[in-house]
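Subject: Handover of a structure for your review

Dear colleague,

Please find below the sequence and structure that I am handing over to you. My findings follow directly after them.

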There are 4 protein chains.
Amino acid sequence: MLFHVSCRLEYAVRFPSTLILNVHVQQTESQSIVREQFGVDPVVPLENFTVPGSDNRFVRLETGDLQNLSVTYSATVDCHHDILSARTLEDLPVGDIPAEVIPFLFPSRYCQSDKLSRLAWDLFGKQPTPHRKVVAIVDWIHANVEYLSGSTDSGTSAYDTVIQRTGVCRDFAHLGIALCRALNIPARYFTGYSYLLDPPDFHALFEAYLGGRWVLFDATRLAPLNGLVRIGGGRDAAEAAVASVFGGVATRSMNVECRLGEGQAFVPLDRPDLNQAAVALETTSDSAAD
Amino acid sequence: MLFHVSCRLEYAVRFPSTLILNVHVQQTESQSIVREQFGVDPVVPLENFTVPGSDNRFVRLETGDLQNLSVTYSATVDCHHDILSARTLEDLPVGDIPAEVIPFLFPSRYCQSDKLSRLAWDLFGKQPTPHRKVVAIVDWIHANVEYLSGSTDSGTSAYDTVIQRTGVCRDFAHLGIALCRALNIPARYFTGYSYLLDPPDFHALFEAYLGGRWVLFDATRLAPLNGLVRIGGGRDAAEAAVASVFGGVATRSMNVECRLGEGQAFVPLDRPDLNQAAVALETTSDSAAD
Amino acid sequence: MLFHVSCRLEYAVRFPSTLILNVHVQQTESQSIVREQFGVDPVVPLENFTVPGSDNRFVRLETGDLQNLSVTYSATVDCHHDILSARTLEDLPVGDIPAEVIPFLFPSRYCQSDKLSRLAWDLFGKQPTPHRKVVAIVDWIHANVEYLSGSTDSGTSAYDTVIQRTGVCRDFAHLGIALCRALNIPARYFTGYSYLLDPPDFHALFEAYLGGRWVLFDATRLAPLNGLVRIGGGRDAAEAAVASVFGGVATRSMNVECRLGEGQAFVPLDRPDLNQAAVALETTSDSAAD
Amino acid sequence: MLFHVSCRLEYAVRFPSTLILNVHVQQTESQSIVREQFGVDPVVPLENFTVPGSDNRFVRLETGDLQNLSVTYSATVDCHHDILSARTLEDLPVGDIPAEVIPFLFPSRYCQSDKLSRLAWDLFGKQPTPHRKVVAIVDWIHANVEYLSGSTDSGTSAYDTVIQRTGVCRDFAHLGIALCRALNIPARYFTGYSYLLDPPDFHALFEAYLGGRWVLFDATRLAPLNGLVRIGGGRDAAEAAVASVFGGVATRSMNVECRLGEGQAFVPLDRPDLNQAAVALETTSDSAAD
């Protein structure tokens with residue numbers, strides 16, 4: 001499936017600052033980049049880099065004395081979303097989790113799984129398999145947390161959301177991750193471009209490690225899982241922010257787009273179902289772990 | 001300098017569980033392992049592993065149906081602690097921080113640097129250099145937080161400690177890390193064996209990335225920095241716990257030792273001083289980033 | 001019903017301090033004191049007092065230079081516990097709540113009802129009457145929070161308990177109060193001697209204001225509601241502590257007893273039931289509000 | 001000194017609701033009401049009331065099916081602000097604090113004095129007298145917390161402010177109260193009309209109980225203490241909100257005014273000074289405690 005993704009970010013700079021952006025899509029086994037373009041106007045010094053243990057493609061910019069900065073990115077990406085049978089997602093005891101996946105068992109800034117342990121076991125511990133536990137978590141979040149723009153901020157974490165019960169996609173993802181980890185199921189944050197997301201924006205959801213694969217889950221249910229194009233991931237939003245600012249820079253506008261390639265026919269994946277046992281997923285190249 | 005380090009950990013097992021231990025010392029440019037022994041009694045299946053982006057040497061154990069488990073580790077380690085002149089620790093703008101160091105700028109589970117930003121800039125922002133900022137942070141923690149065994153637990157984070165003002169070495173380290181990151185200085189958690197620590201125990205402190213090197217700081221001032229033998233590190237204690245339990249396992253006893261090699265003469269490093277410009281440090285091999 | 005209640009509190013004094021104790025039972029319409037004795041050994045200056053808006057009977061002690069202090073209290077109390085039909089507990093809109101009850105609608109130190117609002121309405125909002133809402137709250141707390149001695153401390157509040165899901169009677173009471181207030185049902189903290197509580201101790205529970213009366217609820221279900229002898233109450237434990245210390249005083253031991261009067265036959269009140277519509281309650285004299 | 005105070009509050013009502021307003025000025029020994037007018041448009045059922053232990057003058061309104069509601073209040077008030085010599089503010093051990101003042105020693109919803117104890121003693125414990133402790137608290141808040149409109153919300157408490165270091169008058173007051181109580185100095189919340197406050201609004205500050213009197217302190221230093229007209233007070237903002245809504249009501253606009261009476265000459269009280277030993281204060285009638 002071919003997608004055209006793009007974003008345009010406008011910044012106001014108050015004093016010379018460094019920006020770290022994470023808007024490039026990943027190159028993975030299931031996602032190949034056909035064409036890609038990145039530009040900054042005016043031109044400033046920039047550096048592409050990745051960090052150990054991650055495939056996120058970061059760009060670091062120096063604003064210098066500029067007052068305004070405009071960043072544009074566009075790409076054409078060929079994505080293969082596997083649909084798995086739930087039966088194939090066998091139990092994986094902690095003892096068999098691959099080494100590179102183990103960090104995603106531990107609590108992180110916005111996913112305090114250590115504090116949610118009893119709650120998670122009380123609510124979901126009786127589900128017979130890890131896959132059913134995660135499905136129950138997603139159902140519970142969808143039923144109990146209201147999607148409400150502006151109801152949270154960059155300091156909001158899973159510990160808050162489980163009580164306040166409002167949030168945006170980022171908060172839904174953090175709560176899902178925290179509850180999975182509390183049940184010893186590895187989980188990580190996922191950011192991407194999202195086809196049919198309305199209004200268009202970057203999207204955040206989460207992956208759980210089930211049966212040896214990273215499987216996508218979206219408790220917001222705002223967009224089809226097979227319309228996602230992966231930008232990146234990490235323990236939580238602290239590691240996968242669209243933009244991290246070191247200095248004095250404010251966002252003036254942000255436009256995001258995800259269109260279908262010409263001539264493509266898209267069949268939105270029905271919400272994954274327990275009986276039908278279908279889940280959407282995306283395999284990363286996991287190069288850092290090879 | 002040659003050190004003999006060892007630990008003996010006794011566990012009571014309630015039901016079949018997985019344990020992930022992090023007691024092995026690291027092999028780095030400045031720390032070479034002369035001899036090493038690890039044993040579990042009774043013998044159980046175990047696996048050694050590392051995770052991407054880290055040199056920590058983990059061991060994963062399966063308890064099976066055992067009720068008691070005893071783990072012993074001992075090593076002889078040759079450590080070189082550089083003493084640096086503070087003048088060499090030049091400023092390093094965010095734009096020049098190496099890619100593999102950037103993750104240590106972001107908030108983590110126990111180091112909510114995003115919430116401490118204003119406090120950190122108010123207290124330490126006027127210090128002229130990053131090195132002086134970190135020294136001022138360490139002085140401030142030492143003066144304002146009381147070391148008090150049992151005053152905190154595994155859920156305590158920097159956000160709590162900055163108010164409650166009591167803690168153990170782990171809490172001192174977390175607060176130091178959070179305040180550094182709030183000032184855009186990369187900082188990470190350090191665990192190790194510690195010569196002259198009284199009572200003997202594993203020790204935790206932190207490293208700040210200054211002038212292109214990871215420099216050791218210990219706001220507890222309980223032991224000389226040149227008596228440290230590195231076990232591991234990470235964003236915070238969530239990534240470098242001595243033992244992570246998945247299942248039902250309780251610690252029954254823990255004995256830790258760090259002795260000087262025979263015939264070695266030890267001159268404890270006086271507390272690093274701003275004028276004298278001396279700091280103790282230890283270089284990791286940073287293999288994951290090569 | 002006649003009860004003999006008593007307590008013996010032993011204190012170690014480190015330096016001259018003030019103690020405020022709240023161990024005397026209240027004199028109310030439904031609870032009359034037949035005999036009462038209070039002693040401090042050695043004898044120290046003391047003062048009995050009440051505070052506006054409360055019937056709690058406080059004693060203030062000055063320890064002076066003493067190193068040890070022993071407080072004893074005993075009373076024989078005649079208590080009338082009404083059993084009400086739930087049908088009589090009619091709805092009472094906020095507009096009809098008496099003035100003196102209104103403070104118990106607001107959040108307090110350990111009962112952050114303002115933060116639990118959405119959660120409370122989601123879980124209990126559909127219950128048709130205030131009485132059924134409170135019964136549902138009590139059922140939910142009983143089912144979801146585990147009574148676990150030592151699992152919390154004096155800083156634990158309803159916000160913590162709703163996530164951590166363990167606590168002691170004080171925590172069960174705070175959570176019940178917070179959830180009631182979040183639903184615009186006035187609720188207050190209740191402390192007392194408790195017949196058949198095992199092990200014997202002071203007990204804490206809560207009252208909700210329903211149909212114009214303060215009705216007792218105990219989410220711990222550890223003791224019969226018609227075996228309670230009221231000491232006091234307030235917004236939460238901050239206003240009804242057994243002992244508040246100003247200075248340096250540590251508790252060395254605490255013994256509490258509640259026995260049935262001679263020749264009395266006690267029929268423990270079965271757990272209040274929705275259909276049977278029975279609730280235990282105790283009317284205060286509400287003198288402060290007259 | 002004669003002041004004309006007034007406010008106009010406009011509300012949008014979504015469904016039938018109850019409002020509790022606290023905009024009437026208090027009648028005390030040092031503040032007498034010359035003229036007063038209160039109106040609601042359209043006319044709705046309303047009730048004036050006070051609660052035990054407080055002199056706040058509340059009004060309860062029923063909106064019924066109205067969609068818009070406008071509340072106006074105006075008063076002419078004669079206020080006597082005493083200027084005290086600091087020398088008269090003698091130490092008052094906890095043992096001598098009047099009974100009705102004792103509740104203001106305990107933690108409350110927004111003033112978690114129990115959690116700030118060590119911090120308060122570390123920062124202010126060495127000050128020789130309670131008055132100097134409070135002056136040091138006010139100086140510290142003024143120096144370390146930035147007044148920043150919109151930086152906090154109704155859930156923000158002293159625990160947050162001591163870290164985040166931004167807030168509005170309400171937050172400055174809560175932090176002052178919490179720090180006083182942590183030092184065993186009774187403190188309470190004060191709301192009022194404020195002459196020369198710019199922009200005009202309701203104001204919040206705090207009173208500490210020193211030498212047997214309630215003494216005014218304002219860590220924002222935004223308006224002269226002798227230009228205050230008291231509306232009310234309490235443990236914290238939970239007890240003295242301008243408006244408490246039970247139902248669905250949103251504020252559409254709020255206008256507040258405080259003018260000097262005709263022909264009055266106002267000499268703003270210079271900021272209270274340690275050497276000059278002058279403080280502004282206002283005595284309540286304390287009728288509830290009589």
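**How the copies meet**

Chain A and chain B meet through the same surface, because 100% of the interface residues of chain A are also interface residues in chain B; contact here means heavy atoms within 4.5 Å. This is a predicted model, in which local features need pLDDT of at least 70 and side-chain atom pairs count only at pLDDT 80 or more, while totals for chains, interfaces and linings use all residues. Residues are numbered from 1 along each chain as its sequence is written, chains are lettered from A and ligands numbered from 1 in the order in which they are written, and side-chain values use heavy atoms, with hydrogens and water left out.

**The interface of chain A and chain B**

In this interface, 36 residues of chain A are in contact with 37 residues of chain B. The area buried between them is about 2,800 Å², and carbon and sulfur atoms give 63% of it; buried area is the accessible area (1.4 Å probe) that two parts lose on being put together, summed over both.

The rule finds 4 salt bridges across this interface, a salt bridge being a side-chain nitrogen of Lys or Arg within 4 Å of a carboxyl oxygen of Asp or Glu. The side chains of Arg109(A) and Asp114(B) form a salt bridge, with 2.9 Å from N to O. On the side of chain A that touches chain B, strand E1 (2–21), strand E4 (58–62) and strand E13 (243–260) of chain A are the elements that give two or more residues; strands are DSSP runs of at least two residues, numbered from the N terminus. By class, that side has 17 nonpolar, 10 polar and 9 charged residues. Here Ala, Val, Leu, Ile, Met, Phe, Trp, Tyr, Cys and Pro count as nonpolar, Asp, Glu, Lys and Arg as charged, and the others, Gly among them, as polar.

**Chain C and chain D**

Chain C is superposed on chain D by a rotation of 180° with 0.0 Å of shift along its axis (RMSD 0.0 Å). The two copies are therefore related as by a two-fold rotation axis. Arg109(C) has the C-alpha nearest the axis in chain C, 1.8 Å from it.

Between these chains, 36 residues of chain C are in contact with 37 residues of chain D, and the count of salt bridges is 4. Arg109(C) forms a salt bridge with Asp114(D), whose closest N and O atoms are 2.9 Å apart.

Chain B and chain C do not touch, and their nearest C-alpha atoms are 11 Å apart. No contact joins chain A and chain D either, with the closest C-alpha atoms 11 Å apart.

**One residue in chain D**

Thr191(D) is found in strand E9 (residues 187–194) of chain D. Thr191(D) counts as buried because its relative accessibility is 8%, where buried means under 20% relative accessible area (1.4 Å probe, protein chains only). Not counting residues up to four places away in sequence, Thr191(D) touches His203(D), Val229(D), Arg230(D), Ile231(D), Gly232(D) and Ala240(D).

Yours sincerely

Notes: Helix = DSSP H or I, 4+ residues; strand = E, 2+ residues; numbered from the N terminus. Buried < 20%, exposed > 50% of the residue type's maximum accessible area, 1.4 Å probe, protein only. Least-squares fit on C-alpha atoms with pLDDT ≥ 70 in both.
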